[in-house]
Amino acid sequence: MISRDDVAHLAQLARIELEASEIDHLAGQLEVILGAVARVQEVAGADVAPTSHPLPLKNVFRPDVIRPSLTPEEALSGAPASEEQRFRVPQILGEE
Amino acid sequence: MITQNASEMAAAVAAGEITSEALTQAHLSRIAEVDEKVHAFLHVDAEGALAQARAVDAARAKGEKLSPLAGVPLALKDVMVQKGVPTTCGSKILEGWRPPYDATVVTKLKNAGVVILGKTNMDEFAMGSSTENSAYGPTHNPWDLTRIPGGSGGGSSASLAAFEAPLAIGTDTGGSIRQPAAVTGTVGVKPTYGGVSRYGLVAFSSSLDQAGPCARTVLDAALLHEIIGGHDTYDSTSIDAPVPAVVAAAKMRNVKGMRIGVVRELGGEGYQAGVLQRFNESVEVLRGLGAEIIEVSCPHFEYALPAYYLIAPSECSSNLARFDAMRFGLRVGDDRARSAEEVMNLTREAGFGPEVKRRIILGTYALSSGYYDAYYGSAQKVRTLIINDFNAAFAQVDVLISPTSPTTAFKIGEKADDPLAMYLNDIATIPVNLAGNCAMSIPCGLAPEDGLPVGLQIIAPAMADDRLYRVGGALEAAFNEAWGGPLMNMAPSLTGGVR
Amino acid sequence: MSEAMLDYDDVIAKYEPTLGLEVHVELNTNSKMFCGCATVFGAEPNTQVCPVCLGMPGSLPFVNERAIESTILIGLALNCEIATWCRFARKNYFYPDMPKNFQISQYDEPICFNGYLDVEVETDDGMRTFRVEIERVHMEEDTGKSLHMGGATGRIHGADYSLLDYNRAGIPLVEIVTKMVPGTEKYAPLVAKAYVAELRDILRSLGVSDVKMEQGSLRCDANVSLSPRGSGVLGTRSETKNVNSLRSVERAIRSEMQRHAARLDDGLKVVQETRHFHEDSGITTSGRSKETAEDYRYFPEPDLVPIAPDPAWVEELRATLPERPSVVRARLQKEWNIADKEMASMVNAGVLAVVMETVALGADSTKARSWWVGEIARQANERGVEVIDVGVTPSDVARIVELVAMGELTDKLARQVVDGVIAGEGRPDDVVATRGLKVVSDDGALLLAIATAIASDAAAAEKVRGGNLNAAGALIGLVMKATQGQADAAKVRELLLKELGQ
């Protein structure tokens with residue numbers, strides 16, 4: 001069962017500042033959706049191997065060769081803010 | 001001129017009967033005339049398109065050999081990046097972003113002289129089945145402007161049906177090329193996963209996404225498929241093999257002796273009567289053309305939709321993490337006091353629409369510790385079971401067929417905020433994405449009850465895309481003969497006058 | 001905010017330490033892990049970036065084959081098993097220096113696992129070998145770098161905003177994680193240091209990384225926990241991040257052991273947290289404690305296909321492995337005819353590899369050893385850096401030894417050349433040229449100086465002529481002074497005596 005607190009926690013993990021009304025609305029919807037999608041468990045036995053990639057490709061490598069980079073102007077062209085040829089972002093919290 | 005097929009337009013350009021510039025201008029005029037009603041385009045790059053067109057004309061004048069679609073205009077779904085041209089994915093969070101690079105598909109189109117008219121509307125980040133989830137307003141179905149054009153690639157399908165472009169690029173994660181094609185009476189192909197490069201396709205669900213051709217005829221789709229398909233050294237999941245001979249297959253018009261499977265689980269309950277009627281008639285047409293019709297069962301397909309709604313949101317929750325206001329796109333709340341973390345939270349709240357948030361939260365849940373095995377892990381097992389079902393089916397038949405979508409185009413707003421009802425639109429298309437094989441939707445008539453187009457889905461094994469075109473081409477020819485011309489001839493005029 | 005520390009001997013009397021080490025190594029590939037951008041250290045900001053390593057919408061990763069090869073080599077050198085099939089996984093968390101807000105890493109399917117590394121430590125009873133078991137070696141990508149602007153300190157706390165350079169983002173990173181290492185007793189700090197040093201030597205001998213701790217191409221997170229002696233109960237561990245020199249590895253472990261013990265003695269709990277080591281004070285301080293367990297939501301990276309190294313390829317790579325450093329040591333000790341103690345001092349100073357390289361370049365082993373263990377080690381120590389990071393290369397030392405052997409430099413001049421190289425004045429020949437350090441071997445110049453000396457101290461000259469050779473010392477002194485020490489004293493003596501008929 002998915003609670004309001006669960007949704008708030010998920011929103012925090014997903015970095016979305018949901019409004020209270022959105023949390024309420026989503027909690028109800030997720031409950032319904034999860035109820036429907038949980039059906040996958042009916043057939044997901046221990047004997048069934050999971051598939052992560054639709055095609056059986058393996059060992060796809062690139063030689064260690066330099067390819068052209070963007071120019072700094074191109075790299076920074078979409079930046080909301082930049083300074084000294086760097087992306088300028090608000091103060092970063094968290095560990096040093 | 002704009003009602004011609006792309007192959008006819010290309011031939012006219014190559015023969016010097018018309019310049020690409022004039023052809024492009026004709027389409028730009030059509031867009032100017034009708035797109036206010038249809039809203040297929042988010043951005044029209046008139047200048048860029050005309051410059052490309054003139055380059056093709058110049059190349060022709062110099063006697064250079066032109067590629068099969070050179071000079072023909074195309075509409076590009078706004079989920080593909082094009083250098084210097086705004087790319088929004090239908091989202092506020094990317095408003096104003098001009099990518100500094102071209103998607104591989106775009107590079108191939110440019111190299112082939114295909115003229116890119118602009119970027120088409122879509123459900124935000126390709127999440128939806130109606131194009132109502134675009135942050136820039138819905139696209140209207142040219143067959144009935146009060147109805148949806150399908151989704152997520154509703155802009156691309158509508159641009160074809162409104163004769164704003166003869167070719168379009170779509171992307172298909174759970175049906176986003178095929179379902180819009182079905183409800184607009186056009187042709188759409190989801191190639192084999194890895195058949196067309198994903199480099200530059202803004203990812204929704206990486207293991208399901210596939211770009212593909214959209215057109216008004218099977219042959220046009222094949223010509224476009226050959227241009228955009230093939231191996232790419234920028235996409236690790238790209239298949240290192242030649243593109244299947246789709247153009248030759250589209251021209252075969254012969255299905256004699258082919259074994260065609262009707263999937264028991266894709267039909268019946270939940271499908272509109274008129275959809276089933278047109279589908280059943282199509283089966284008879286195929287039988288009449290000499291195909292052997294075999295009923296097959298894919299018992300795990302009923303788990304495809306739940307598996308999809310775990311896998312796609314899970315991958316999207318990770319793929320969309322990069323939209324964080326730091327390096328590109330929208331930034332909200334940067335008042336010099338708030339932290340980067342707070343600005344991320346506010347930007348993502350303001351920049352994403354409800355469906356995108358819903359899926360991100362759902363995916364975050366499905367991947368979180370303690371739930372992974374029950375949800376994401378189980379969904380991946382279902383994927384294996386669906387692949388097994390396909391393998392068993394393709395051991396008996398060459399292709400499978402089904403209705404593309406359970407219903408014809410519904411009314412705009414009809415299913416808003418009923419996610420489960422909306423998700424059911426993709427019930428017949430999703431198994432193909434989960435397994436990674438290929439499928440096509442072609443028009444198979446109008447539903448008697450509403451006069452709206454019905455799509456028929458053809459499904460082939462991985463890397464056997466040519467079979468889609470063989471069956472699609474033969475059916476299309478048979479239908480056109482029966483209808484006295486293409487289905488699109490029956491579409492209403494958008495200008496009140498003669499098309 | 002300094003915490004109580006227990007005397008180290010008391011720590012050992014009461015507690016048994018368990019070590020754990022996580023080392024991150026930047027590979028020295030030409031291009032990045034998942035894109036073709038260059039990896040040059042110190043390039044102008046955001047000049048080695050592309051849509052892939054900037055995490056731009058639509059971009060896709062593509063694996064660098066040499067990074068895989070280097071990682072397998074590392075695994076083989078660490079006696080690991082190589083996976084027959086493994087995948088990359090996404091580690092999801094938001095941080096502005098990580099462009100995609102997930103790191104492509106490996107989760108439960110590392111490419112190499114179950115290895116070990118034997119390290120030798122000098123104990124009270126002579127050299128002793130400790131086996132450090134390796135849990136896993138896996139591949140991932142590095143993050144960008146942030147500059148914290150404004151505020152008083154230039155540090156992250158109190159900064160007004162940050163500037164991000166993504167040149168480093170996407171550089172291939174290999175993470176080497178040990179199992180828990182019990183039984184090191186009072187040698188725990190030395191074992192930790194020896195492990196990192198040995199690992200560094202191996203990585204250098206493999207040629208897969210620059211292994212420069214001060215540039216961050218080798219980074220160590222050191223974990224330690226204490227359990228009361230004989231209790232058999234494993235204590236709570238702390239993790240000290242980014243300890244950026246060998247010496248700091250030793251100091252950080254020792255300091256953490258002392259801090260843990262003091263807390264345990266006081267009946268306090270050790271908090272499971274991340275600590276930061278401070279070079280200046282030699283102690284650690286608390287980083288952010290993990291209030292809530294991180295939920296990284298790992299899942300297989302859908303944009304990259306599985307890796308299944310062909311066993312034949314792995315065997316080919318195994319065949320290219322250089323001699324193990326421990327085997328090399330035994331061989332060299334014999335070849336160079338040196339005692340355990342001398343070998344230990346070289347290993348402790350972390351100079352064995354450079355001495356070997358110097359000898360390989362043609363230098364005499366005794367001379368090469370004495371430069372590295374002596375003058376260069378002293379200078380490195382003065383500057384608080386590792387010997388190999390002081391700025392002198394094996395080829396510099398080989399050239400200096402050669403110049404001395406050729407009589408072009410005296411030992412004293414050679415030391416000045418070393419100074420010059422360390423000061424960044426160029427290679428030895430550049431320093432000799434710009435500082436004008438060449439031995440004055442021109443007989444004409446020396447004879448002139450000798451004549452001047454004889455003229456200025458006629459009495460001494462007369463004594464020498466009379467057979468009193470001891471009196472030559474004063475004259476030689478004058479010549480050396482006149483030539484500013486650049487003359488070879490033996491040569492001066494020879495010429496002087498000849499001049500004075502002796």
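**Entry 1: salt bridges overall**

How many salt bridges does the structure hold over all chains? I looked this up before anything else, keeping in mind that this is a predicted model. The count over all chains is 64 salt bridges.

**Entry 2: chain C as a whole**

I noted 16 helices and 15 strands in chain C. Its C-alpha trace spans about 95 × 55 × 55 Å along the principal axes. Chain C has 502 residues, and 56% of them count as buried. I also looked at the contacts in chain C with a separation of 6 or more: 69% of these come from residues 24 or more positions apart. For the accessible surface of chain C I wrote down about 20,800 Å², with 49% belonging to carbon and sulfur atoms.

**Entry 3: charged pairs inside chain C**

I started with C:Lys100 and C:Glu141, which form a salt bridge with their closest N and O atoms 2.8 Å apart. C:Lys100 sits in the loop between β4 and β5 of chain C, while C:Glu141 belongs to strand β7, so I have a link between distant parts of the chain, 41 residues apart. Are these two residues buried or exposed? Both C:Lys100 and C:Glu141 are buried.

Next I checked C:Glu256 and C:Arg275, a salt bridge with 3.8 Å between the closest N and O atoms. C:Glu256 lies in helix α4 and C:Arg275 in strand β13 of chain C, so this pair ties together parts that are 19 residues apart in sequence. I found C:Glu256 buried, and C:Arg275 as well.

C:Arg275 came up again with C:Glu273, where the side chains meet in a salt bridge at 2.6 Å, N to O. I looked up the accessibility of each partner. C:Glu273 has a relative accessible area of 9% and is buried; C:Arg275 is at 2% and counts as buried too.

Which residues are linked with these in a network of salt bridges? My list reads C:Glu3, C:Glu256, C:Arg259, C:Arg263, C:Glu273 and C:Arg275.

**Entry 4: chain B against chain A**

I counted 66 residues from chain B and 53 residues from chain A in this contact. The two chains bury about 5,200 Å² between them, 66% of it on carbon and sulfur atoms. On the chain B side, B:Tyr303, B:Ile361 and B:Lys381 supply 13% of the buried area, more than any other three residues.

There are 4 salt bridges between chain B and chain A. I looked at the one between A:Glu22 and B:Lys357, with the closest N and O atoms 2.7 Å apart. Which element gives the most to the side of chain B that touches chain A? That is α13(B), with 12 residues. By type, this side divides into 35 nonpolar, 15 polar and 16 charged residues.

**Entry 5: chain B against chain C**

Here 40 residues of chain B are in contact with 32 residues of chain C. About 2,800 Å² is buried between the two chains, 60% of it on carbon and sulfur atoms. B:Ser236, B:Arg322 and B:Arg327 lose the most area in chain B, together 23% of what that side buries.

I found 1 salt bridge across this interface. C:Asp303 forms a salt bridge with B:Arg198, at 3.0 Å between the closest N and O atoms. The polar contacts here come to 17 residue pairs. α10, α11 and α12 of chain B each supply at least two residues to this side, and α10(B) has the largest share, 4 residues.

Notes:
Residues are numbered from 1 along each chain as its sequence is written. Chains are lettered from A and ligands numbered from 1 in the order in which they are written. This is a predicted model: local features need pLDDT of at least 70, side-chain atom pairs count only at pLDDT 80 or more; totals for chains, interfaces and linings use all residues. Side-chain values use heavy atoms; hydrogens and water are left out. Contact means heavy atoms within 4.5 Å. Buried area is the accessible area (1.4 Å probe) that two parts lose on being put together, summed over both. Ala, Val, Leu, Ile, Met, Phe, Trp, Tyr, Cys and Pro count as nonpolar, Asp, Glu, Lys and Arg as charged, and the others, Gly among them, as polar. Buried means under 20% relative accessible area, exposed over 50%, partly exposed in between (1.4 Å probe, protein chains only). Accessible areas come from the Shrake-Rupley method with a 1.4 Å probe; for residues, only the protein chains shown count as cover. A polar contact is a pair of N or O atoms within 3.5 Å; within protein, one must be able to donate a hydrogen and the other to accept it, and residues adjacent in sequence count only if both atoms are side-chain atoms.
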